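I'd like to talk about pockets today, so let me get the picture up on the screen.

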Amino acid sequence: MTGHSRHDLLRQGTEYFTREFGVEPDGLWSAPGRVNVIGEHTDYNDGFAFPIAIDKRTVVAARARGDRILRVVSNGFPGVVETSLDDLNPDSLAGWSAYPLGVAWAMAQAAPAGDPTGVDLALSSDVPPGAGLSSSAAVECAVAMALNDLWKLGLGRQTLARIGQLAENRVVGAPTGIMDQSASLLGEPDHGILLDCQSLHTESVPLGFAAADMGLLVIDTRTSHSHADGGYASRRRSCEDGAQAMGVGSLRALGPGDLPRAADVLDGQTFRRVRHIITENSRVLDTVAALRTAGPAAIGAFLNESHMSMRDDFEISTPELDLAVSAAQALGALGARMTGGGFGGAAIALVRSSDADRVADGIAREFARAGFSVPHIFPVSASAGARREL
Ligand code: GLA
């Protein structure tokens, strides 16, 4: 986000709160969306992932109340949703407010009994929803940061990530892993975050994109994805079945040397799901090693291989995502892959900065030729994680 648009988002956030609730907020907090550079569906398999926080954020303006009422408004949706902390039931939350209220429910579990006060919350966001850029994690993490401060809970960022994940799993009903919230909370400008989802050890790794005159383009196919639907959960189940049949607690315990035995033990489809996870974990580590030793030009091949693995082995790509990737590659991108949970959403392409416009135009032309809807293509840069703004 440029300084200017960040300033605008903060100003609008404050004005929005004041207009809706008639008083000034106590403070403003923000959290970014994320793009996963590599390491897909590995998080819930205790594996490795390498996301960045992006320069698109959700801002939450918030004010503590004297009672137990929660009120929330969002610039993307009409109306005020109002409830009481005493009535928060994870099973009865629905719609857009399930994200912020789900976090309030999960945070209230972590708060001393009876202590938390009600809060008014006003959400504004420039993270495009439904694009696979974790607009939901941005909301969860911004609200978690705000409540952590307003309720003086002093929880660390890894705990806040777990709380966001719990809200998503329990309240929204999407059986997702820890990657999105970790990226949103732990991101740093110009760095990727290497997540070890088993030990929960994290490490910031310099990307070196600017020095190499390169950047990431997001190609949002504008085809929808929802992880509360069947595809994501069924992939997760296949991974669990595969781990069980191989006699391990999670697929993280397996490496490339286990593939021949996996081919013997597993049915063809489960084997391909397992092969994706095993090879994807290796590709994450190879990508980070290549960044450290050779710089970003050396990671393109891993991105391309990751896409093939998701297309052929994990089978979570779509014709639109495949076209975005193949067109980017043909137009000279150094590497490209679909990003996020799949079944729609966005792809990323690593491009030389001087090529970005040409590649973007070319992809849009290929989409038109194929009769697909117009994609939304824009550059993203690695940005700071969640923070208090004011
Ligand atoms: C979604 C989930 C994440 C992760 C990715 C796939 O974004 O929220 O936890 O599983 O899909 O890598």
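So, the largest pocket: it holds about 810 Å³ of space, and keep in mind that this is a predicted model. What sits closest to the centre of that pocket? Of the 44 lining residues, the closest are Tyr99, Pro129, Gly130, Ser135 and Ser136.

Now, where does the lining come from? Helices α2 (98-110), α3 (135-150), α4 (157-172) and α5 (179-186) each give at least two residues to the lining of the largest pocket, and so does strand β5 (119-125). If you think in domains, domain 1 (3-204) and domain 2 (208-380) each put in at least three residues.

How does the lining of the largest pocket split by class? You get 17 nonpolar residues, 21 polar and 6 charged.

Okay, on to the second largest pocket. Here we have about 180 Å³ of space. It's lined by 14 residues, and the ones closest to its centre are Phe209, Ala210, Met214, Gly215 and Ser381.

The largest share is from β8, with 3 residues.

And the classes for the lining of the second largest pocket: 8 residues are nonpolar, 4 are polar and 2 are charged.

Note on methods
Residues numbered from 1 in each chain as written. Predicted model: local features only at pLDDT ≥ 70, side-chain atom pairs only at ≥ 80, totals over all residues. Heavy atoms only, no water. 1 Å grid on protein atoms, 1.4 Å probe; cavity = no way out; pocket = protein on both sides within 12 Å on 5 of 7 lines; lining within 4 Å. Points joined across faces, edges and corners; volume = space filled by probe spheres on them. Helix = DSSP H or I, 4+ residues; strand = E, 2+ residues; numbered from the N terminus. Nonpolar A, V, L, I, M, F, W, Y, C, P; charged D, E, K, R; others polar. Domains from an automatic or database assignment.
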